Amino acid sequence: MTGWRPRTVTEEPYNAETPPAALVPRLTPVDAFFVRDHFGVPTIDPATWRLTVDGAVDRPYRLSHRELLALADREGAREVEVVLECAGNGRALMEPRPPGVPWGEHAVGCARFAGVPLAAVLGPAGVRAEAVELVFTGADSGEVDGRDTPFERALPVAAALHPDTLLATRMNGEPLTRRHGAPVRLVVPGRYGVAGVKWLVGVRAVVEPFNGPFQGGSYVYRESRGTPEGPVAELRVRALLTEPAPGAPLRAGEENVLRGRAWSGGGAAVVRVEVRIDRGEWRAADLEAPGGPYGWTPWSLRWTPGTTGVHTVTVRATDAEGRTQPLTAPWNAGGYGCNPAARRELEVH
Ligand SMILES: Nc1nc2c(c(=O)[nH]1)N[C@H]1C(S)=C(S)[C@@H](COP(=O)(O)O)O[C@H]1N2
Ligand SMILES: [Mo]
């Protein structure tokens, strides 16, 4: 425990951002980690929890929590360090502002999730060849268009069977908390957070692409300006400036270290982070190794301000696929995938 709390953005349902100071350590403390809920936190007793595996499978079955943990012992638990970012992170930077939770830039965090590869649970069920997707059901539900609707999301079969797609029971070495999906949540490294269904109770194989309210209704890039249309899937390349802390005293002629984090999606490494002060040249920051292919990459750059006054720092990252952050916020009707270069004004005395 750190005594940190996320910063509330909306009360009902509860949505909250990671406080900036909690983004300084490599792993984001669980009690500071951003929270995105569409409905609310369901109450689940692990003793009676069951995961239903059905649909286009040869042997539908139900798995208890104890059986899942035994599977982790038998097949080997797996742990991955993952940047979890809400697809709406940064929406408040878009002009005009799209509807949806008005996230600033901190609906993001990085944690170590441990659990069983989903493939180990699907193996015994035998996903049929005609299945195209797996649909994941959360225990939370609420009214959508006048009907009680569970939170459901789908993944293509190949992504579901990827060895790093986990049924996670632990976060940063501790049992998963209720807020973050206990007893079991899905973790899909390299994709926006919406893929990671919390409070997971069902997995079903389907032979037609799934089209639920949180799949084809929302979480789609529509009316995009300059970026592709289509479903929200992989994380877009992005950098954050974490230090100096907001309001930290800076003096002309004294050296400072600018620091932050950068990440991208689909396992693409961050290969470059560049920093520009005011309208100066772009300078390459030093990069440290990330904690695995889905963790974030720490960057740093020494800077000695020459003059007093307000200086604007701009930071942009580039990934191994050659994708670079745009300088201004991209726009689409749902306000997703907003990844402009990070910008902050620093006052030098
Ligand atoms: N069951 C369920 N799973 C869910 C959601 C939800 O509302 N219900 N929100 C999704 C979204 S949009 C995000 S960004 C992540 C946030 O995970 P966190 O709250 O653990 O940070 O959970 C995802 N999984
Ligand atoms: Mo999200």
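I'm working from a predicted model, where local features need pLDDT of at least 70 and side-chain atom pairs count only at pLDDT 80 or more, while totals for chains, interfaces and linings use all residues. Residues are numbered from 1 along each chain as its sequence is written, and side-chain values use heavy atoms, with hydrogens and water left out.

**Helix α1**

I took helices (H or I, at least four residues) and strands (E, at least two) as DSSP runs, numbered from the N terminus. I looked up α1 and found His65, Leu68, Leu71 and Ala72 buried. They sit on the same side of α1, because they cover an arc of only 115° around the axis; the arc is that of the directions from the helix axis to the C-beta atoms. On the face turned away from that buried side I noted the exposed residues Arg66, Asp73 and Arg74. What covers the buried residues? I found β5 (61–64), β7, α2 and β10 (166–171) among the cover. After α1 comes Gly76, with a positive phi near 95°.

**Cores**

I then went for the nonpolar cores, meaning sets of buried Ala, Val, Leu, Ile, Met, Phe, Trp, Tyr and Cys residues joined through side-chain atoms within 4.5 Å. The largest has 49 residues, and Leu51, Phe136 and Leu167 have the most contacts inside it. Elements that give two or more residues to this core include β4 (50–55), α1 (65–75) and β8 (133–144). The largest share, five residues, comes from α2. A second, separate core has 20 residues, including Ala239, Ala262, Val313 and Ala342.

I checked Leu51 for contacts (heavy atoms within 4.5 Å). Leaving aside neighbours within four places in sequence, Leu51 touches Tyr61, Arg62, Leu63, Val121, Leu167, Leu200, Val201, Gly202 and Val203.

**Gly212**

Gly212 is in the loop between β13 and α4 (213–217). Buried or exposed? Gly212 is buried, at a relative accessible area of 8%. I also looked up Gly212 against Phe151: 61 residues apart in sequence, 8.9 Å apart in space, C-alpha to C-alpha.

**An open sheet**

Last, I traced four strands forming an open sheet in the order β16-β17-β21-β20, with antiparallel pairing; strands count as paired if DSSP finds at least two bridges between them. The edges are β16 (238–243) and β20 (286–287), each pairing on one side only. β17 (residues 256–263) and β21 (residues 297–303) pair over seven bridges. Which residue of β21 is the bridge partner of Arg261? I found Pro298 there.

Key. Chains lettered and ligands numbered in written order. Buried < 20%, exposed > 50% of the residue type's maximum accessible area, 1.4 Å probe, protein only.
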